[in-house]
Amino acid sequence: MTPEQYCQDKATRSGSSFYYSFLFLPPERRRAITALYAFCREVDDVVDAQIDPAIARAKLAWWREEIGRLFDGAPQHPVTKALAEAIAAFNLPREHFLEIIDGMEMDLDYDSYPSFKELSLYCHRVASMVGIMSAEIFGYQDRHTPRYAHQLGTAFQLTNILRDVREDAMRGRLYIPLDELKRFNVGVGEIMGNQTNDRIRALLRFQAERARDYYRRAFEQLPEVDRYAQRAGLAMAAIYLATLQEIDRDGYNVLERRIALTPIRKLWLAWKTVRQEKTRHRRLRKAAAG
């Protein structure tokens, strides 16, 4: 199996929303973003799969060393071998990869977060850094586009947190800030349960509105000149926003069940978004030429 096949298999088996948006990219960019996604999955799996924190820390330390080997031109892992082409073709700094690993290690340091200030650092590391590197791979002209990518990455992570409340609770992790639980008079034990009451529902609705605010800010900061280049990110956003909408329609009963879109719906949303952006791009080009 080649490094590219390894990364492709990792992305395909995950069924992630990211995978469906990658399908509409040119080959070189698709290979690069798939390798980046595979890296994120590898380091995330280190934390999720390990019961012993010491073993997880040792494995994350190995990945830090492996990033050093990647940038020194001697990667060992299939994922970093695939990333070698990406860092040569696109502006993907070593520090961004290391910050993602630092974010994953926060899961070993925190099982809950006192306030959104601490949680926002986690989101910045594990999601916004990925968003910024994704924007580099997709390509952009306007220097403000990375700001859009940063906001969008946080929006994705906040959506994941809301969707995965029950799954994370079963692992002993809580990503809803503790001061916000107190504000809505919700106990930690209630989140660890499997029944949504009105107080929990109000708390979760508040989390959803924060995520929507990050989506709004992201879209406001995306320059028109870069919308078509960033179409894969917009396709991801369409899928994530649809997930957020389904959670809302279901009454925020995320402690009882995990809301997930079907693969065919994810593919349709990605195709629809890319098609809309292509039409929009053509109209703008015609107007500019006209």
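The protein chain of this predicted model contains 14 helices and zero strands, where helices (H or I, at least four residues) and strands (E, at least two) are DSSP runs numbered from the N terminus. The radius of gyration of the chain, taken over C-alpha atoms, is 19 Å, close to the 19 Å that the globule rule (2.2 Å times the number of residues to the power 0.38) gives for 290 residues, so the chain is as compact as a globular protein of that length. Along its principal axes, the C-alpha trace spans about 55 × 50 × 35 Å.

Residues are numbered from 1 along each chain as its sequence is written, and side-chain values use heavy atoms, with hydrogens and water left out. Local features need pLDDT of at least 70 and side-chain atom pairs count only at pLDDT 80 or more, whereas totals for chains, interfaces and linings use all residues.

Buried residues (under 20% relative accessible area, with exposed meaning over 50% and partly exposed in between; 1.4 Å probe, protein chains only) make up 51% of the 290 residues. Among contacts (heavy atoms within 4.5 Å) between residues at least 6 apart in sequence, 72% join residues at least 24 apart. The chain exposes about 13,600 Å², of which carbon and sulfur atoms supply 50%, the areas being computed by the Shrake-Rupley method with a 1.4 Å probe.

Helix H4 comprises the 19 residues 53-71, which should span 27 Å at 1.5 Å a residue, in agreement with the 27 Å between its end C-alpha atoms; the expected span is 1.5 Å times one less than the number of residues. Buried positions in H4 include Ala-56, Leu-60, Trp-63 and Ile-67, and the buried residues of this helix pack against helix H3 (27-49), helix H5 (78-89) and helix H6 (94-109). For helix H14, the 27 residues 263-289 should span 39 Å, and the end C-alpha atoms are likewise 39 Å apart. Lys-266, Leu-269, Ala-270, Thr-273, Val-274 and Glu-277 are buried in H14, and what covers the buried residues of H14 includes helix H2 (17-22) and helix H13 (231-249).

Arg-212 lies in helix H12, residues 198-221, and counts as partly exposed at 23% relative accessibility. Leaving aside neighbours within four places in sequence, Arg-212 is in contact with Leu-244, Asp-248 and Tyr-252. Leu-158, 54 residues from Arg-212 in sequence, is 9.2 Å from Arg-212 in space, C-alpha to C-alpha.
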